[in-house]
Amino acid sequence: MDAGTAGRARGHRKKLKDLARQWARGRGKASNTKNELADDAAAWGFKLPKRYTQPQSQQSTVIWPCNAEAFEVFCDCGGQWRYLTQFGAKPQPKGIERTALASSMEMLGVKDRRATLHKIQVMEGAALAVMRG
């Protein structure tokens with residue numbers, strides 16, 4: 001693998017990780033654009049200038065076409081996480097159930113399952129880091 005190819009592969013992994021982190025922070029839902037500064041000021045009885053009371057813009061993440069299929073499968077399996085639960089402890093996510101991934105890939109008509117699985121594993125690692133806090 002030459003330096004250019006390796007750089008592109010790192011770029012693709014970074015984009016996949018960014019997607020997964022954003023998904024994990026919102027658990028697949030649209031992120032909240034509520035203005036926390038305005039809410040905090042109102043709770044203390046302060047009035048902020050109008051420029052501070054506008055809703056904060058939502059940070060967007062671009063889904064590259066080469067990652068779209070893997071992200072679709074990843075989201076389709078969003079409720080298929082395997083958890084380890086020890087007595088008296090909070091359940092810890094361990095990963096996506098592999099049979100669910102296989103089923104999802106089949107239903108969505110994924111052609112290159114090996115490459116898609118590799119991309120999902122990259123996203124899974126990034127999402128686990130966020131979910132475990």
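Reader: Hi! What does pLDDT tell me?
Author: Hello! pLDDT is the predictor's confidence in each residue, from 0 to 100. The protein here has a mean pLDDT of 80, with 71% of its residues at 70 or more. This is a predicted model, in which local features need pLDDT of at least 70 and side-chain atom pairs count only at 80 or more, while totals for chains, interfaces and linings use all residues. Residues are numbered from 1 along each chain as its sequence is written, and side-chain values use heavy atoms, leaving out hydrogens and water.

Reader: Ok, which elements have the lowest and the highest mean pLDDT?
Author: Helix H3 (residues 50-53) has the lowest, 62, and helix H5 (residues 98-107) the highest, 96. Helices (H or I, at least four residues) and strands (E, at least two) are DSSP runs, numbered from the N terminus.

Reader: New topic: how many residues are in the largest nonpolar core?
Author: It has 23 residues, and Trp23, Phe74 and Ala127 are among those with the most contacts inside it. H6 (113-131) supplies the largest share, 7 residues. Such a core is a set of buried Ala, Val, Leu, Ile, Met, Phe, Trp, Tyr and Cys residues joined through side-chain atoms within 4.5 Å.

Reader: And what does Ala127 touch?
Author: Ala20, Trp23, Ala24, Phe74 and Trp81, not counting residues up to four places away in sequence. Contact means heavy atoms within 4.5 Å.

Reader: Nice! How many aromatic pairs are there?
Author: There are 4. Rings of Phe, Tyr and Trp (its six-membered ring) pair if their centres lie within 6.5 Å; planes under 30 degrees apart count as stacked, over 60 as edge-to-face and the rest as tilted. Trp23 and Phe74 are edge-to-face, 5.1 Å centre to centre with 70° between the planes. That pair links helix H1 to helix H4, 51 residues apart.

Reader: What about Phe71 and Phe74, why are they stacked?
Author: Their ring centres are 6.5 Å apart and their planes at 20°, so the pair is stacked. Ring pairs link Trp23, Phe71, Phe74 and Trp81 into a cluster.

Note on methods:
Buried means under 20% relative accessible area, exposed over 50%, partly exposed in between (1.4 Å probe, protein chains only).
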